[in-house]
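Please read it alongside the sequence and the model.

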Amino acid sequence: RIEKAIARGGMGRIYYGTQAPLDRPVAVKVVKADTVSEEDSQFLKRFLLEASILAKLQHPNVVTLFDYGRIENAPNGQEMYFIAMEYLDGETLSDRLRNNGNLAAYETLLLFRQIARGLREAHSRGVIHRDLKPSNIIIVPEADGAEIVKLVDFGIGKAAREGEDLTRDGLLVGTPKYMAPEQFDGSASPASDIYALGIIIYQLLTGEVPFQGNTMAEYMIAKLQNPITPMHQVNPICDSTELLESLVYGMLARLPADRPSLEEVFNYLARCEEEVF
């Protein structure tokens with residue numbers, strides 16, 4: 001049962017609704033497919049890919065898919081599709097940053113582990129997110145005062161093991177501020193998500209991203225040529241530790257092969273937690 005529209009995009013809308021038999025709140029993403037342009041065709045493919053990816057992922061730190069498919073008997077004979085997923089009543093990490101500027105080390109570590117756990121689930125299923133950024137991370141408060149992190153928006157994801165990729169070879173996908181250097185050439189691997197996570201953790205601790213730019217070209221040049229500015233140089237009152245900084249700098253290595261694997265990140269993260277907590 002659709003209650004109200006809560007967001008609107010170029011080709012579709014997201015509604016708040018209720019799954020009637022269970023009285024469960026849901027978010028329903030709806031898209032029309034009655035155009036034939038290449039851009040709109042790609043959008044529909046991204047929409048359906050997101051559904052197929054989410055159907056594979058079952059984890060507390062990834063938004064849960066309930067159902068998806070074609071809408072039967074749509075108005076005016078239009079071709080329409082939907083994704084029904086859990087409704088997340090929380091704030092994005094972008095909102096948290098906007099309201100707080102930067103976070104303490106202990107707050108950052110609590111979020112860090114949960115984001116990494118969501119990524120581990122995706123990577124274990126052969127899925128690369130490719131657009132990990134604060135606006136795609138939702139923080140949901142729980143009744144006991146704790147918070148749970150949910151990864152959302154796998155619409156430009158890639159099923160690495162199956163070779164599924166809606167984009168043409170060499171087509172750039174992602175957000176320049178957070179994407180890894182290799183993504184500017186149109187390629188991506190699990191290490192690309194680790195790089196994006198490194199950017200996010202750097203930003204949580206300092207309030208700034210490590211590389212600045214106004215255009216895609218400027219970001220590309222900065223990430224390929226500029227050294228990483230030390231955290232305490234960006235923010236002298238940054239609440240970090242040498243161990244945590246070392247981990248983040250490793251995640252931001254230019255070459256994918258030089259970055260730690262996700263399991264190595266978890267091992268390092270445990271040491272950081274022991275030190276901070």
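Which are the buried residues of helix α5 (residues 216-225)? The points below begin with that matter.

The model is predicted, so local features need pLDDT of at least 70 and side-chain atom pairs count only at pLDDT 80 or more, while totals for chains, interfaces and linings use all residues. Residues are numbered from 1 along each chain as its sequence is written, and side-chain values use heavy atoms, with hydrogens and water left out.

1. In α5, Y219, A222 and K223 are the buried residues (buried: under 20% relative accessible area, with a 1.4 Å probe and protein chains only). They lie on the same side of α5, because they cover an arc of only 90° around the axis (the arc is taken from the directions from the helix axis to the C-beta atoms). An α-helix has 3.6 residues a turn, so residues three or four places apart point the same way. The cover over the buried residues of α5 includes α4 (190-206). Helices here are DSSP runs of H or I with at least four residues, strands are E runs of at least two, and both are numbered from the N terminus.

2. The axes of α4 and helix α7 (residues 242-251) are 8 Å apart, and the two pack at an angle of about 140° (axes are lines fitted to C-alpha atoms over the stretch in contact, and angles run from 0 to 180 degrees between N-to-C directions). The two helices are therefore oblique to each other (angles under 35 degrees count as roughly parallel, over 145 as roughly antiparallel, 65 to 115 as roughly perpendicular, and the rest as oblique). From α4, I194, Y195, L197, G198, I201, Y202 and L205 meet L244, V248, Y249 and M251 of α7 (contact: heavy atoms within 4.5 Å). The residues of this contact comprise 10 nonpolar, one polar and no charged (Ala, Val, Leu, Ile, Met, Phe, Trp, Tyr, Cys and Pro count as nonpolar, Asp, Glu, Lys and Arg as charged, and the others, Gly among them, as polar).

3. Helix α3 (residues 105-124) and α4 cross at roughly 165°, their axes coming within 11 Å. That angle makes α3 roughly antiparallel to α4. On the α3 side, A105, T108, L111, F112, I115, A116, L119 and H123 meet P190, D193, L197, I201, L204 and L205 of α4. This contact has 11 nonpolar, two polar and one charged residues.

4. K29 belongs to strand β3 (residues 24-32). K29 is buried, with a relative accessible area of 18%. Leaving aside neighbours within four places in sequence, the contacts of K29 are R13, I14, F47, E50, Y81, F82, I83 and M85.

How values were computed
Buried < 20%, exposed > 50% of the residue type's maximum accessible area, 1.4 Å probe, protein only.
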